[in-house]
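Dear colleague,

I am passing on a structure that I have been going through, and you will find it together with its sequence just below. My notes on what turned up follow it, and I would be glad if you read them with the coordinates open.

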Amino acid sequence: AEPLSPKGGEIIMRNYELVFVVKPNADEEAREAILNKVKEVVATEGEVVLSFDFEDGKANFFSWNLTSVEAAEGACKAVVPEAANPWEAQLAYDVTTPFTLDQEYKVVFKVKGSVEGKADLVFQTPSQELNYPVAGSFGEFNITTDWTDVELTTTCTRDDATRLIFSFGGTFAGDLYIDGIRGVADCLHP
């Protein structure tokens, strides 16, 4: 994984070994940020491969046929229109390094909607020539009108999967909020 370098110190991951260095002159805020990141990484027992909290005001996602996608109220807000098929209303994020074939992944996040419904989450290979094959299905999850914690797992089934994609068509239409997305590769089962 690429090294994380918060102000005042470093966190470096190499082959699931954590090296932690805090400079003696680091200010208290920087020390706290580093310690929080260490706790997060150690607590997952895996490598954090995705992490979004939307506090920076960026939505970080792109979409197909959604009315809008924006950072709002510290979350990613997507306005999802009525659609007949799952692929007709989607929210996606692409990574530059493919997810690892046969690796188990866990994704956790919070979600709520203006109405109740369902959505589906998968890994995908973004190739038109291959007809956008699914590369591991996390399955369906419920959307309620209150914030709900969601935790899903799947195993990546292709070596060219670079997309995480939520599908809503036919199962949800309304305002959707997603926050605290974190994807973790399970280091105990490479």
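Ring pairs join Phe61, Tyr93, Phe109, Phe141, Phe166, Phe168 and Phe172 into a cluster, and please keep in mind throughout that this is a predicted model. In the structure as a whole there are 12 aromatic pairs, and one of them is formed by phenylalanine 168 and phenylalanine 172, whose ring centres are 6.3 Å apart and whose planes make an angle of 55 degrees, so that the pair is classed as tilted. Both partners of this pair are covered: phenylalanine 168 has a relative accessibility of 0% and counts as buried, while phenylalanine 172, with a relative accessible area of 4%, is buried as well. A further contact with an aromatic ring involves lysine 112, which lies over the face of tyrosine 177 at 5.4 Å from the ring centre.

Turning to the strands, E9, which spans residues 117-124, is mostly covered, with 6 of its 8 residues buried. Strand E9 pairs with strand E10 (residues 134-143) in the antiparallel sense over 7 bridges, and it pairs with E12, again in the antiparallel sense, over 5 bridges.

Side chains of opposite charge can pair when their charged atoms come close, and a search of the whole structure finds 2 salt bridges. In one of them aspartate 94 is joined to arginine 163, with the closest N and O atoms 2.7 Å apart. Because aspartate 94 lies in strand E7 (residues 90-94) and arginine 163 in strand E12 (residues 163-167), this pair ties together parts that are 69 residues apart in sequence. Aspartate 94, at 31% relative accessibility, counts as partly exposed, whereas arginine 163, at 7%, counts as buried.

The other salt bridge links aspartate 160 with arginine 158, the closest N and O atoms lying 2.9 Å apart. Here aspartate 160 is partly exposed, with a relative accessible area of 25%, and arginine 158 counts as partly exposed at 26% relative accessibility.

With best regards

Key: Residues numbered from 1 in each chain as written. Predicted model: local features only at pLDDT ≥ 70, side-chain atom pairs only at ≥ 80, totals over all residues. Heavy atoms only, no water. Phe/Tyr/Trp six-rings, centres within 6.5 Å; stacked < 30°, edge-to-face > 60°. Buried < 20%, exposed > 50% of the residue type's maximum accessible area, 1.4 Å probe, protein only. Lys NZ or Arg CZ within 6 Å of the ring centre and 35° of its normal. Salt bridge = Lys/Arg side-chain N within 4 Å of Asp/Glu carboxyl O. Helix = DSSP H or I, 4+ residues; strand = E, 2+ residues; numbered from the N terminus. Pairing = 2+ DSSP bridges.
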